[in-house]
Amino acid sequence: MSAHPDAIHSAHDHGTRAHKDIAPGEIAVGVVVGRGSEYFDFFVYGIASALVFPTVFFPFADRLTGTLYAFAIFALAFVARPFGTVLGMWLQQRWNRSVKLTVALFLLGTSTAGMAFLPGHGAIGGTAIVLLALLRILQGMALGGSWDGLPSLLALNAPKHRRGWYAMLGQLGAPVGFIVAAALFAFLIASLSPGDFYAWGWRYPFFAAFAINVVALFARLRLVVADEYQDKMGQLELEPTPVRELFHGKGRHVVIGAFAALASYAMFHIVTIFPLSWIELFTEESVSAFLVLQVFGGVLAAAGIVASGVIADRVGRARTLGGTAVAIAMYSGFAPTLLGAGGLGQDVFVLLGFLLLGLSYGQAAGAVTANFGTRYRYTGAALTADLAWLVGAAFAPLVALGLCAEFGLPYIGLYLLSGAIGTLAALGVNRALRLKS
């Protein structure tokens, strides 16, 4: 008995739909949703490190020392992140990408939400600090393990003349995550008494992080498990490669990639987390009002990221990254004066800093990942980002606050200048190697 013609056409259409190319815009949505949820988790923790943890977990130390302790634990996630990436690659090879992503995002959500249930030092003593450090390490490992390859797929699937534009789309998750986290903390601080905020109010953003992760997990899994996605990843060879093999074949490009983004990553926590601690410790200004200012800064960062895509498509991604590094070097010269100049100066420090961050960060991811080719790109891009965060951002709040408290604000300028020099040096080495080959 022959099949009905309509059934034949229906089956053919279904097969065609199942194997069509994924539109870059659809990939970009998955990237923004995923990165936005991850950054919300991390910024909730970062803001709490500056404003909450010194009181809740380090009440035995003076406020400055307690904040430095909190920033030291803050850095642990970035140290753990590469290990999470390697473990995630093993899970993907052992099972599949969706299993890895589910495990990583469940771990990220539960470790973040777990912080909301932690008793303070007054209840269980030093055990509270140990548990906080353990959850922070798990948070970092989860973020490393959550690498799904979507940014690499987006870069390779985008029109060649629009790659700067599509590259910046994935970076928008950072300001989105920060804006939501900062606005939530600003509301809680303004609405609650200090006693209520330190007793229970600070815990609500951590609960929200778990809920947001659940939504993000399903949004990303919907794309990751699609036949089109799997087929395209296979065609482009975006699969894990052994880490030892990666470093043997492309080790220098991992290092170049990590330092190429240094200016942007050094800037990242200098305008988000560090100034919160400075305002809290050394000024009489309203923390909630400063958080609102940073929310506006986050909007400027998002605008800068969008602008970076337009600029990069006209002049090139590496030139855009290099140009913003020069701008950050110039900013580093007067940033200390602005931060120490009171209300108006601090406003300019924050808003201009966020704008430069957006322009730089918009092209920071993957500007030189073409060096990996197709075989090493999946693992190479993940580990390059991990090392860039570790070198540029992990210890930024700790180092900046420690140096500025001890020696004065000019050291924040030196920190930013070193990041800009690192970016320009890496881009120069990368260009020389390309010309040589």
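Let's start with a helix pair. Helix α10, residues 173-191, packs against helix α12, residues 204-224, at an angle of about 150°. Their axes are 10 Å apart. Keep in mind that this is a predicted model.

How are α10 and α12 oriented to each other? Angles over 145 degrees count as roughly antiparallel, and α10 and α12 are therefore roughly antiparallel to each other. Their crossing is right-handed.

Now the residues that meet. From α10 we have Leu184, Phe185 and Leu188. From α12 we have Tyr204, Pro205 and Ala208. By class, this contact has six nonpolar residues, no polar ones and no charged ones.

Next, Glu38. Look for Glu38 in helix α2, which covers residues 24-51. Is Glu38 buried or exposed? Glu38 has a relative accessible area of 6%. Buried means under 20%, so Glu38 is buried. What does its side chain make a polar contact with? The partner is the side chain of Ser146, at 2.8 Å. Leave aside the neighbours within four places in sequence, and Glu38 is in contact with Leu105, Leu108, Leu143, Ser146 and Arg220.

Last stop, Ser288. This residue lies in helix α17, residues 287-315. Ser288 is buried too, with a relative accessible area of 14%. Which residues does Ser288 touch, not counting those up to four places away in sequence? They are Ala186, Ile189 and Ala190.

Conventions
Residues are numbered from 1 along each chain as its sequence is written. This is a predicted model: local features need pLDDT of at least 70, side-chain atom pairs count only at pLDDT 80 or more; totals for chains, interfaces and linings use all residues. Side-chain values use heavy atoms; hydrogens and water are left out. Axes are lines fitted to C-alpha atoms, for helices over the stretch in contact, and angles run from 0 to 180 degrees between N-to-C directions. Helices (H or I, at least four residues) and strands (E, at least two) are DSSP runs, numbered from the N terminus. Angles under 35 degrees count as roughly parallel, over 145 as roughly antiparallel, 65 to 115 as roughly perpendicular and the rest as oblique. A crossing is left-handed if the near helix is turned anticlockwise from the far one by less than a right angle, and right-handed if clockwise. Contact means heavy atoms within 4.5 Å. Ala, Val, Leu, Ile, Met, Phe, Trp, Tyr, Cys and Pro count as nonpolar, Asp, Glu, Lys and Arg as charged, and the others, Gly among them, as polar. Buried means under 20% relative accessible area, exposed over 50%, partly exposed in between (1.4 Å probe, protein chains only). A polar contact is a pair of N or O atoms within 3.5 Å; within protein, one must be able to donate a hydrogen and the other to accept it, and residues adjacent in sequence count only if both atoms are side-chain atoms.
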